[in-house]
There are 2 protein chains.
Amino acid sequence: MTPPKLLDENGLKEREKKILMAAIHLIREAGLENLTMDKVVAKVPFSKGTVYKHFIGKEDLLLAVSNHAIEVLSDLFYRAYEFKGCSRERMLLLNFSYLIYAILYPELFQAVICSKSQSVIGKASEQRLNEHDQLETKLLISIHGIVDAGLGDNSLTLPTNMNIQQLCFANWSMSYGAITLLSGEVESCSGRTDLIIERELLNHSNLLFDGMGWKPLSTEAKSCTKLTVALQTVFPDELALIEKKGRQLNFN
Amino acid sequence: MTPPKLLDENGLKEREKKILMAAIHLIREAGLENLTMDKVVAKVPFSKGTVYKHFIGKEDLLLAVSNHAIEVLSDLFYRAYEFKGCSRERMLLLNFSYLIYAILYPELFQAVICSKSQSVIGKASEQRLNEHDQLETKLLISIHGIVDAGLGDNSLTLPTNMNIQQLCFANWSMSYGAITLLSGEVESCSGRTDLIIERELLNHSNLLFDGMGWKPLSTEAKSCTKLTVALQTVFPDELALIEKKGRQLNFN
DNA sequence: TTTATAAAGTGACGAAACGTCACTGACGAT
DNA sequence: ATCGTCAGTGACGTTTCGTCACTTTATAAA
């Protein structure tokens, strides 16, 4: 008569992860556009009903992938944050960690972008949406920390009419725009001939930081060579993986 | 034995437009995520087969909507280009014409963003893709023209390691990032509390232009009040429409 | 050990949407 | 009048989604 408690909290998490990974593999192999629940179910030792116990629908699953992606990015951001260097250098490094992520995990990057659309948000579970918000906040912590450092040592002063949050967002949206438009995921962006993403990201970052008056200004410092060193120091494995992919970061 | 020529070239174009408009209405009413070919067919006095004669699939139709959207934006850009004012003012105005467009035609803005994904590009017709490229090039002409003007009167100098194309792209991707992340279409972007799109677009533009050294620098000029005047001059009808929507551009 | 009970798991099924294709009918040439 | 061609049609096969009636499993009570 006593209701039996059969569910293992830990096992549940593990199973959810399994489904999640299956989905990510499918996206990597065949593209987000070819992801179907039937394929996910086929790739996993559980039935459709069980999969739907974890994810209320395809969109919910996609948002879960997106959340996982943000966690991965979050780690990269934190490592950029920890770099020993001046604040402007560190922010530049953070922007490039975003690029590394977009190159290394295109399927995750794509999932995050897609999951921002109303068609996904509208069908995801409340819980997953909350998780998403929390993760995005976590993401901002590293950015915020670097800006704080800049303000602290007076290499950066808040521009008129802007607070810290706005400054952080300016950097974020700038990187987002450049990487979204130039990373391979978005095909056919005309006027994009001869534009190399790493070079433009460097340019845009420098323009923005100079506009903020973030010292040392790009006229004073060889930000390019410094960046190369910082990247090799903080993200050696990731750079190696990128080269393995036949790609190479190239500013000149 | 002689093959009869029954198709009226003009009528074809007209019919295609009709289908296109039906699709746009459906998107406006029910969102892009609820657009189906069956609904389009039902809203139009032609059969499914005929609709599929014009658009080889749902994605092709979506790209057609996107192309139409770019034409609309193209017109706004050109009007900003024509404004009598200093080059920096005009570029700021152009960025805001982009915002006006995003506010006034959210369904078109959404369609353009979505149509950039591989899932759409991959299934659209070759012809439609070419058209897309051409339209995007057309879009860039106004931007290019304003930059040229700035270079011409020495209010702007090319930053080291950047050419005109790169400069144009910097402006474009900056606006794209800010508007995409802050316009209502992308829900739930955490760290977005208290961020008002028109204020941030102004901030980002000023930071970027200052970073380029585009005179007059924002410390010298009251760009805010000047922008308000320019907007009222060039886009009075659009601003009225925005107010009709219960929205109001507000920088403070 | 057996039985009762509720949670967990299953996969067949109906609904919805996509895109195709065999057919119809209209029009011009002969 | 007849034939050939092509635009137009919509029923149909296919895919995918998400549900739900049913089976299995695990534990507590008898």
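Which way do α9(A) and α10(A) run, roughly parallel or roughly antiparallel to each other? The views below get to that, and they come from a predicted model, where local features need pLDDT of at least 70, side-chain atom pairs count only at pLDDT 80 or more, and totals for chains, interfaces and linings use all residues. Residues are numbered from 1 along each chain as its sequence is written, chains are lettered from A and ligands numbered from 1 in the order in which they are written, and side-chain values use heavy atoms, leaving out hydrogens and water.

**View 1. Chain A as a whole.** Chain A has 12 helices and zero strands. Helices here are DSSP runs (H or I, at least four residues), strands are E runs of at least two, and both are numbered from the N terminus. The C-alpha trace of chain A spans about 75 × 40 × 35 Å along its principal axes.

**View 2. α9 against α10 within chain A.** Helix α10 of chain A covers residues 197-212, and α9(A) packs on α10(A) at about 160°, with the axes 10 Å apart. Axes are lines fitted to C-alpha atoms, for helices over the stretch in contact, and angles run from 0 to 180 degrees between N-to-C directions. So α9(A) and α10(A) are roughly antiparallel to each other; angles under 35 degrees count as roughly parallel, over 145 as roughly antiparallel, 65 to 115 as roughly perpendicular and the rest as oblique. Contact means heavy atoms within 4.5 Å. By class, this α9(A)–α10(A) contact has 11 nonpolar, four polar and one charged residues. Ala, Val, Leu, Ile, Met, Phe, Trp, Tyr, Cys and Pro count as nonpolar, Asp, Glu, Lys and Arg as charged, and the others, Gly among them, as polar.

**View 3. α9 meets α9 across the two chains.** Helix α9 (residues 164-182) of chain A packs on helix α9 (residues 164-182) of chain B at about 110°, with axes 7 Å apart. That makes α9(A) and α9(B) roughly perpendicular to each other, therefore. Their crossing is right-handed. Residues meeting here include A:F169, A:W172 and A:Y176 from α9(A), and B:F169, B:W172 and B:Y176 from α9(B). The α9(A)–α9(B) contact has 12 nonpolar, six polar and no charged residues.

**View 4. How the two copies relate.** A rotation of 180° with 0.0 Å of shift along its axis puts chain A on chain B, with an RMSD of 0.0 Å. The copies are thus related as by a two-fold rotation axis. The same surface serves both: 100% of the contact residues of chain A recur in chain B. Superposition is by least squares on the C-alpha atoms of residues with pLDDT of at least 70 in both copies.

View 5. A:Y98 and A:Y101 are stacked, 6.1 Å centre to centre with 25° between the planes. Rings of Phe, Tyr and Trp (its six-membered ring) pair if their centres lie within 6.5 Å; planes under 30 degrees apart count as stacked, over 60 as edge-to-face and the rest as tilted. Both tyrosines, A:Y98 and A:Y101, sit in helix α5 (residues 87-104) of chain A, three residues apart, about one turn of the helix.

View 6. A:K215 and A:P216 are joined by a cis peptide bond, omega about 0°. A:P216 sits in the loop between α10 and α11 (223-234) of chain A. A:N161 has a positive phi of about 70°, although it is not a glycine.

How values were computed: A crossing is left-handed if the near helix is turned anticlockwise from the far one by less than a right angle, and right-handed if clockwise.
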